[in-house]
Amino acid sequence: MLFILFFVAILTVFFLRQNHRKNEPFHPPPGPKGLPFIGNLHQFDASKPHVYFTELGKIHGPIFSLRFGSKQVVVVQSAKLAKEVLQTQDRNFCGRPSMVGIQKLSYNGLDIAFAPYGEYQKKIKKISVVHLFSSKRVESFAPIREEEVSRMIEKISFLSSTSQIINLSDLLSSFARSNICRVAFGKRYKDDEGSSSKFDSLIREAEALFTSLFISDYFPYFGWLDKLTGQFSRLEKTCKDLDDFYEEIINDHLEPNKSNSEREDIVDVLLQLMKDRSLELTLDHVKAVLMIIFIAGADTSSAMVIWTMTELMKNPHSMKKVQDELREAIQNKVSINNNDLVKLEYFKAVVKETFRLQPATPLLVVHETIRKSTIEGYDILPKTLVYVNAWAIGRDPNSWKEPENFMPERFLGSSIDFKGNDFELIPFGAGRRICPGMNLGVASYELALANLLYYFDWELPSGLRKEDIDIDPLPGITMHKKNPLCLLAKKTNIYNYMIS
Ligand code: HEM
């Protein structure tokens, strides 16, 4: 009986598709030929998807389509098409797919990033913009940022006094985690040696699961394979452990005798909103928002600092220029804050140039079409996955001169910014799905970077040349440098003067 029902269902889908093809001419974007059933999955390079898509673009043009199992995929990679997707037709393209890992980790789409587009999503996004990451809130977190940066600088200073090679990637990662934990729930959750705590490994596992391949997503009839491979139980276990962890944080905050912390953290704000009943928030909503803050908020800033230091080490002329500017502008100040950086033109240009060449999330976060749309005469069906390749757009020779070269000078006197209005530079996306944590992320990134450049001169370990520094990425939503950046730090006179 089950077999007959299955057979009838397949036939119905087949005839509906035939009908659709006969009645409406369908003109999809061009793309590589795939195999029956699996589509283009066998050709896909999951280790560097942004590079793989860029290469395909050279053959098929700035918009092309692929098929991953049962999912239609469209990739766009020019400023003009990004504008079409993220601004002109934003309403059609602002959905997010409901994939197995994402659904479970986001408490069935209760968070900001994966809530299906609609009333709830609009409200929670507004809350994030107005209450969680507003400029005022970012300013109120400044003492946390500054304290965490100072801790990092002290560690570097200690390592530099003993001429040890410094693993900057580890240090930055540790800084960013502590910073976001204190912003989100008022505690550092790191042991004193800076080694990974249980929470760190849980978040890393959650990050991996967000981008892991679940067979059920692409081959719905073969979901049972995810059980066999252990993917489902891995997901269940991580979600359960994280849920316990969030429960503990929330209970701490609900404790009537909770000592009044110096400033409101994000859990405080969410619990207050829950009490006010301005939106029907439950504890699951709070946990889902915490989850996305940890996934989206910690690693992005630290990855950006590492990419900037990598580019500066490879381009000593730019390194000298940015250090000279910083040291001249911030003479003899005991500590640097974000306000000191506002007028530093070259520093700001270095930041933009790194966003252009090494955007932390090179494919943004995958979008999904809500309804049938047409772009440049090509038809795109509802529920198509859409990748906007910000990495390729940043290197498009139609938008940039000498696009592969790190040249901050290109931004001097230019009005191009990364805030979502200039589509040739979109490291935070644009439109309805633009990153709400942009101000917070940039503040942490710039403060950590400025301190590293101000207090220390940086050298490569002996025997290494600048050409030896690789720029290979690790796979994942956030693009990290695959091999850690390891350097020697020399304290400058400024540092010695400050601590004397
Ligand atoms: C340098 C740091 C950061 C970069 C480069 C970055 C980049 C991005 C990008 C590209 C998107 C996707 C936009 C799209 O799909 O069109 C995004 C979304 C998001 N980001 Fe960020 N981000 C950063 C920092 C942060 C921080 C600090 C937070 C919060 C603590 C945050 C929270 C979010 C959230 C909640 C979304 C989902 C927005 C939505 O779907 O409506 N991000 N981010």
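Biologist: What should I know about the model before we start?
Modeller: The model is predicted: local features need pLDDT of at least 70 and side-chain atom pairs count only at pLDDT 80 or more, while totals for chains, interfaces and linings use all residues. Residues are numbered from 1 along each chain as its sequence is written, and side-chain values use heavy atoms, with hydrogens and water left out.

Biologist: Which protein atom is the donor to the iron atom?
Modeller: The single protein donor is SG of Cys 435, 2.3 Å from the iron atom of the ligand. Donors are N, O and S atoms within 2.8 Å of the metal (3.2 Å for Na, K and Ca); water is not among the atoms, so sites may look incomplete.

Biologist: Which residues come nearest to the ligand?
Modeller: Among the 24 residues around the ligand, the nearest are Arg 96, Lys 125, Thr 361, His 367 and Cys 435. A residue counts as near if one of its heavy atoms lies within 4 Å of the molecule. Helix α15 (residues 283-297) gives the most to this shell, with three residues.

Biologist: Which residues have N or O atoms placed against oxygen atoms of the ligand?
Modeller: Arg 96 has a polar side-chain atom 2.7 Å from a ligand oxygen, and Arg 433 has one at 3.0 Å from a ligand oxygen. Val 365 instead uses a backbone N or O atom, 3.3 Å from an oxygen of the ligand. A polar contact here is a pair of N or O atoms within 3.5 Å.

Biologist: How do the residues of that shell divide by class?
Modeller: The shell has 14 nonpolar, seven polar and three charged residues. Ala, Val, Leu, Ile, Met, Phe, Trp, Tyr, Cys and Pro count as nonpolar, Asp, Glu, Lys and Arg as charged, and the others, Gly among them, as polar.

Biologist: Back to the largest cavity: how much space lies in it, and what lines it?
Modeller: The largest cavity holds about 760 Å³ of space, a volume being the space filled by probe spheres set on the points. Its lining has 40 residues, with Ala 296, Thr 300, Cys 435, Pro 436 and Gly 437 nearest the centre. Two or more lining residues come from each of α6 (119-132), α15, α16 and α20 (438-455).

Biologist: What lines the second largest pocket?
Modeller: That pocket is lined by 49 residues, with Thr 211, Pro 475, Gly 476, Ile 477 and Thr 478 nearest its centre. A pocket is an open set of points with protein on both sides within 12 Å along at least five of seven lines; lining residues have an atom within 4 Å of a point. The volume of this pocket is about 1200 Å³.

How values were computed: 1 Å grid on protein atoms, 1.4 Å probe; cavity = no way out; pocket = protein on both sides within 12 Å on 5 of 7 lines; lining within 4 Å. Polar contact = N/O pair within 3.5 Å; in protein donor to acceptor, adjacent residues only side chain to side chain. Helix = DSSP H or I, 4+ residues; strand = E, 2+ residues; numbered from the N terminus.
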